[in-house]
Every structure is written in C-alpha cells, then in structure tokens.
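Hi everyone, thanks for coming. Let me put the sequence and the structure up on the screen, and then we'll walk through one part of it together.

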Amino acid sequence: MPAHARCTTPMPAQRPPAGAATVRGPVGDCSCEAHPTPRDDGAVLWWLVDDTDHWLAREALRTERERTEFLVHSWTSPRGWPPITSPTRPC
C-alpha cells in the first residue's frame, strides 16, 4: 500500500505527521477513511473510519449540481434567450 510506505520511511523526519496521510477508498460495499498514526518504534497504527454516509451525501450533492447546471442550460439556450447573468449597472 503506497500510503503505508509513505508513513514508514526509514527517516523519521521524512514521515508525515499523524493524520497528514489520510487516505480514502472502498472496503467491500463501504467507503472508509484510513488515518495513520506513526509510533515511536517506527510502526504505524491505522484507524479506519466508515465514511459511507458522508461519501453518499457528497455524491448526491455532485449529482444535483450537475442536474441543476443542465436544467439552467436547457431552459436558456434552446429558446434563444441570453444566458443567465447578473444585471449590470451603469457607472
């Protein structure tokens, strides 16, 4: 695992501080964050946190933003209306 290798470099001064090398990825059907905690003896303790609900919420928000962008574009462009912009005031 590349994240583990970064945390176990031979030179302690080159190791990232605790929490700096957090990685995220799938574990089965879930999404997890892995937080490394370097120990004084050179070992690394990994804390796994299930962030599936947070990941699902981020994906739903991304999907809604894409949908909104599509709807705004489709309601303004086909009718020949100008794109939605902020009104400008004369100086």
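So, in what order do the 3 strands form the open sheet? The order is E1-E2-E3, with antiparallel pairing. Strands here are DSSP runs of E with at least two residues, numbered from the N terminus, and two strands pair if DSSP finds at least two bridges between them. Strand E1 (23-27) and strand E3 (44-50) are at the edges with a single partner strand each, so one side of each has no neighbour in the sheet. From one strand to the next, the twist averages 35°; that angle is taken between N-to-C directions of lines fitted to C-alpha atoms, on a scale from 0 to 180 degrees.

Before we zoom in, a word on the model: it is predicted, with local features needing pLDDT of at least 70 and side-chain atom pairs counting only at pLDDT 80 or more, while totals for chains, interfaces and linings use all residues. Residues are numbered from 1 along each chain as its sequence is written, and side-chain values use heavy atoms, leaving out hydrogens and water.

Now to E1 and strand E2 (residues 30-38), which pair over 5 bridges. Please find Glu33, in strand E2, with Arg24 standing opposite. Is Glu33 buried or exposed? Glu33 is buried, at 17% relative accessibility; the cut-off for buried is under 20% relative accessible area, with a 1.4 Å probe and protein chains only.

The Glu33 side chain makes a polar contact with the side chain of Arg24 at 2.4 Å, and another with that of His35 at 3.0 Å. A polar contact here is a pair of N or O atoms within 3.5 Å, one able to donate a hydrogen and the other to accept it; residues adjacent in sequence count only if both atoms are side-chain atoms.

Terms used:
Helices (H or I, at least four residues) and strands (E, at least two) are DSSP runs, numbered from the N terminus. Buried means under 20% relative accessible area, exposed over 50%, partly exposed in between (1.4 Å probe, protein chains only).
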